[in-house]
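Hi everyone, thanks for coming.

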Amino acid sequence: MHGTSLTSPVFRTVLGLWKETNPTADEQRRCLSCHAPAVTVFPEHAEKIAGQVLSGKSGVEGIGCAACHLMAGMDRHASSPPMFALQPGRTLFGPYANPEENLVHPAVQSTQFREASFCASCHFDKVKDVTQKNLPGEILEGTICQDCHMEPSTGSSTSRRGAMTRSIGRHWFRGVVVAGTMLKNRNVQAEWMPRIDLEVTKTGATVEGRSLVKVGSLPHSFPDGDPVLKQFFLTVTAKDAKGQTLAEETQQFGLSYDQLLRGPIPDPFIKGGNTRKVPFVLTLPEGKAAASIEAVLSYALIPIPAPTLLERYLATLATDAARDEAKNIVQEYTQRHFLTYRVKVLS
């Protein structure tokens with residue numbers, strides 16, 4: 001995912017849709033700062049770089065070696081969340097106090113590589129406090145993002161291959177669902193996944209209550225990955241004794257394309273160690289009684305564009321093949337995916 005941050009057809013489609021909402025040059029810089037960190041060094045070229053991405057002929061690197069290893073620290077004076085600070089030059093930065101000699105470039109230590117803030121500069125919705133070095137909490141006390149998402153191994157990070165027993169982190173950046181990484185820790189599995197409880201406070205002609213969406217004490221906010229695009233859907237259904245639907249409502253949580261990167265970044269759907277309480281009111285057909293209430297939590301990877309917005313974007317594409325690809329991406333990535341559910345039987 002990191003390697004295709006700038007060339008991915010999905011990113012190109014989302015960027016193209018968003019561009020049709022007329023983002024300012026600064027808003028475009030804010031978007032590209034994670035997908036193409038070089039824009040933080042050349043902010044005046046943000047709009048040009050965005051145009052190159054849309055044409056499929058970008059002249060800058062996305063997230064490659066230099067994007068991370070030219071990070072010399074954090075710009076803690078920037079608006080929240082804090083931004084990384086690139087230091088262009090021949091010197092690359094890394095976590096070692098005694099970097100190995102190599103034949104390509106000098107290297108020096110940056111303590112940021114052993115801090116959660118290194119990842120949180122882009123994945124800023126993931127931790128409760130992006131300025132902290134470690135992840136707090138009973139389960140992951142004293143650990144950082146890299147401990148799980150850069151699988152520990154041994155080897156050498158230089159071209160000389162002189163210290164093959166040095167501790168290194170693999171650069172696959174795999175998630176929790178990959179065997180051999182975080183799945184081996186059942187406590188982490190239990191704490192990461194969201195759960196739903198139901199409180200019903202009134203029954204009769206209407207059924208009222210709250211859906212309680214919980215994430216455990218893991219200080220890893222839910223959801224994963226992208227901090228602004230994901231959409232969540234909470235569907236609450238009243239059913240009779242035969243399982244027939246009597247009433248249903250769906251609430252959507254997430255930003256539209258018009259809202260992306262405009263104003264403060266909102267909190268994630270739910271932060272780690274918290275419970276989100278979502279009220280519901282279901283009006284039943286006359287003479288019907290609810291026997292159970294069901295809550296289903298699902299998500300989509302990107303917002304559904306308004307029809308006029310999609311039409312404007314498709315009109316900017318030069319070929320039918322490009323338009324078909326964009327429509328297929330929108331259709332696939334706006335599909336809802338099941339997360340979890342809860343059923344409460346009414347006495």
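So, how many helices and strands are there in the protein? There are nine helices and 13 strands, where helices (H or I, at least four residues) and strands (E, at least two) are DSSP runs, numbered from the N terminus. Some ground rules: this is a predicted model, so local features need pLDDT of at least 70 and side-chain atom pairs count only at pLDDT 80 or more, while totals for chains, interfaces and linings use all residues. Residues are numbered from 1 along each chain as its sequence is written, and side-chain values use heavy atoms, with hydrogens and water left out.

Let's begin with the whole thing. Of the 347 residues, 41% are buried; that means under 20% relative accessible area, with exposed being over 50% and partly exposed in between (1.4 Å probe, protein chains only). The accessible surface is about 18,500 Å², and 52% of it belongs to carbon and sulfur atoms. Those areas come from the Shrake-Rupley method with a 1.4 Å probe, and for residues only the protein chains shown count as cover.

Now the inside. The largest nonpolar core has 29 residues. By nonpolar core I mean a set of buried Ala, Val, Leu, Ile, Met, Phe, Trp, Tyr and Cys residues joined through side-chain atoms within 4.5 Å. Helices α1, α2, α3, α8 and α9 each supply at least two residues of this core, and α1 gives the largest share, five residues. Among the residues with the most contacts inside this core are Phe-11, Trp-18 and Tyr-257. Leaving aside neighbours within four places in sequence, Tyr-257 is in contact (heavy atoms within 4.5 Å) with residues including Val-14, Trp-18, Ile-302 and Leu-309. Apart from this core lies another one, of 23 residues, with Val-213, Val-215, Phe-269 and Ala-295 among them.

Is β9, residues 231-239, mostly covered or mostly open? Mostly covered: eight of its nine residues are buried. Two strands pair if DSSP finds at least two bridges between them. On one hand, β9 pairs with β12 (residues 292-300) in the antiparallel sense over nine bridges, and there Phe-233 has Ser-298 as its bridge partner. On the other, eight bridges join β9 to β10 (residues 245-253), again antiparallel, with Lys-239 opposite Thr-245. That hairpin has five residues between the strands, and Gly-243 takes a positive phi near 85°.

Lys-239 turns up again in the salt bridges. A salt bridge is a side-chain nitrogen of Lys or Arg within 4 Å of a carboxyl oxygen of Asp or Glu, and the structure holds eleven of them. Lys-239 forms one with Glu-294, the closest N and O atoms being 3.7 Å apart. Since Lys-239 lies in β9 and Glu-294 in β12, the pair ties together parts that are 55 residues apart in sequence. Lys-327 and Asp-324 make another, at 3.8 Å between the closest N and O atoms. Those two are three residues apart in helix α9, so they're separated by about one helical turn. Lys-327 is partly exposed at 40% relative accessibility, and Asp-324 is partly exposed with a relative accessible area of 40%. There's also a network of salt bridges linking Asp-197, Lys-214 and Arg-342.
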